[in-house]
Every structure is written in structure tokens, then in C-alpha cells.
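Visitor: Hi, I'm new to reading protein models. Could you walk me through this one?

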Amino acid sequence: MRMNDTELETRDKLVMDNIALVKTMASRLAHRLPSQVELSELISVGTLGLIDAAGRYKPSLGVPFDAFARRRIHGAMLDSLRELDWAPRSLRRMQRTVDGAVAQLRHELKREPQEGEIAAALNVSEGDYGRMLDQLRSADLATIRQAGAGIDGRNLLDVMIDPTEGPHIRLERLELRERLAAAISELPDRERQILALYYEEELTLAEIGEVIGVGESRVSQLRTQAIARLRASMKVVINRKSTH
């Protein structure tokens, strides 16, 4: 449906009044991403999200435009990021190697392995393992999202559901969500705290470092390690389901 002149004026005013919001959100998100991500690109796609929000907004929804727009701006930026994959194959192989070591140690030890144990399983020093985690940060953009909020504020597992899927598929999604929550609860305390501060409170790595008393680089390493643990846990669940 085409907009009339009054609706176009209202939309344009909402966009102009809130363009600073896009820049603020883009800058904050950029601080959480590898340096390869261009701030200007985030601002560009975020602006498109703002225009879309302004065109769809209805005051009768009872939601402030700021809150309504944030969801669409954030969603547009994340959609753009998910289309990118600048991690070379060697980095993907390294990621699979680390994930495999974590999964094997967890199976053998019946608990979450410590960093020294993971390094030993990889036949590298703890220092080299830390450098591997630094490299793997850019391969983890698949996880750049808020743990509980996706497009339009819905959980990402819900967004992935096709409306035509039957109830058994929806039950599987619910089970996966419950398994992920259980896997998060089993993480070492500090790693669990970092994920909460990063994904729920949306703190930058530097801000998290100030909270827990370590450097930004160390926070990045622990976050990447936590994600490797979760990936290993969920792969076991998914593989188990695929064999039934």
C-alpha cells in the first residue's frame, strides 16, 4: 500500500529525529566486533532498518517509537553481519579442532575441562592456546546476537521456525532451547558471567574487563572459549537427535 503525503512526512520526520540512534547503536555494536567490520556499513544498514521501522510504526501499538525502532535497527545490522564470513578455511579448521578437543575432554573427564587441559590435548602451550582463542574471535560472528532477542525482539530459535512446521518440530526447538540453557548453566562461573554481561547487558569487552578485573584481551579469550564449550555441547545434542 502506497503512503500518502502525510504518512510520508511522518515517516521522514521519525527518521530524521532518530538518525542519531542508528549511529549510537552502530558504534556500540562495532566495539564488540572484529576490526574488519566497517562502522559505515553498520550505519548504512541500520538506517535502512530505521526507515523500515518509521514506515511500519503505528502509535496505536502502544510502544514508544524508540523501542520499536531499536529492534528493527539491530535486526538489520545483525542480518548484514550474518551474510558475511571473512574467516578463512584454516580458521574454521582450527575452530573445529578446538571444539573437538573440548568435547573429547568433557567426555573423558565428565566435567568441563580447564584451559591447561585443553591446551595439552591440542599439544600446544597455554600461551599458544590463548593466541588461538584470539584468532578464533573473528570466526565467532555466527554468535553475534543477544542470547534471548532476535529479529523484532523474538528469540532467534523462534525466528527460525517456519509457521507451517508441525508441533513435533516446535517441541524440538523447545528442547534445544532448554538444552542450551542447561549448557550455559554448566559453564565455569566466570565464563557464564562474561556471556551474561556481553549478550544480556550488552557491555563491551573493555567494560566487562573492568567489572571482573581482567584485561580486554583476556575477556575476549574467555568469551571465545565459552562459545567453544557451548558449540561442543550442542553438537552432541544435535548429533544424538539425528541418529534417532
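Visitor: Which residue just after H9 takes a positive phi?
Guide: That is Glu-202, whose phi is about 60°, and please keep in mind throughout that this is a predicted model.

Visitor: And H9 itself, how many residues does it have?
Guide: Helix H9 has twelve residues, running over 189-200, and from its first C-alpha to its last it reaches 16 Å, close to the 16 Å expected at 1.5 Å a residue.

Visitor: Which residues of H9 are buried?
Guide: They are Glu-191, Ile-194, Leu-195, Leu-197, Tyr-198 and Tyr-199.

Visitor: Switching topic, which residues have the most contacts inside the largest nonpolar core?
Guide: Within that core of 22 residues, they are Leu-42, Phe-65, Ile-73 and Met-77, and helix H1 (5-30), helix H2 (39-56) and helix H3 (65-82) each supply at least two residues of this core.
Guide: Apart from it lies another core, which has 16 residues and includes Leu-195, Ile-208, Ala-226 and Ile-227.

Visitor: What does Ile-73 touch?
Guide: Leaving aside residues up to four places away in sequence, Ile-73 touches Leu-21, Val-22, Met-25, Gly-46, Gly-49 and Leu-50.

Visitor: Which elements have the lowest and the highest mean pLDDT?
Guide: Helix H7 (residues 156-159) has the lowest, at 38, and helix H5 (residues 115-121) the highest, at 95, while the mean for the protein chain is 78, with 75% of its residues reaching 70 or more.

Notes: Residues are numbered from 1 along each chain as its sequence is written. This is a predicted model: local features need pLDDT of at least 70, side-chain atom pairs count only at pLDDT 80 or more; totals for chains, interfaces and linings use all residues. Side-chain values use heavy atoms; hydrogens and water are left out. Helices (H or I, at least four residues) and strands (E, at least two) are DSSP runs, numbered from the N terminus. The expected span of a helix is 1.5 Å times one less than its number of residues. Buried means under 20% relative accessible area, exposed over 50%, partly exposed in between (1.4 Å probe, protein chains only). A nonpolar core is a set of buried Ala, Val, Leu, Ile, Met, Phe, Trp, Tyr and Cys residues joined through side-chain atoms within 4.5 Å. Contact means heavy atoms within 4.5 Å. pLDDT is the predictor's confidence in each residue, from 0 to 100.
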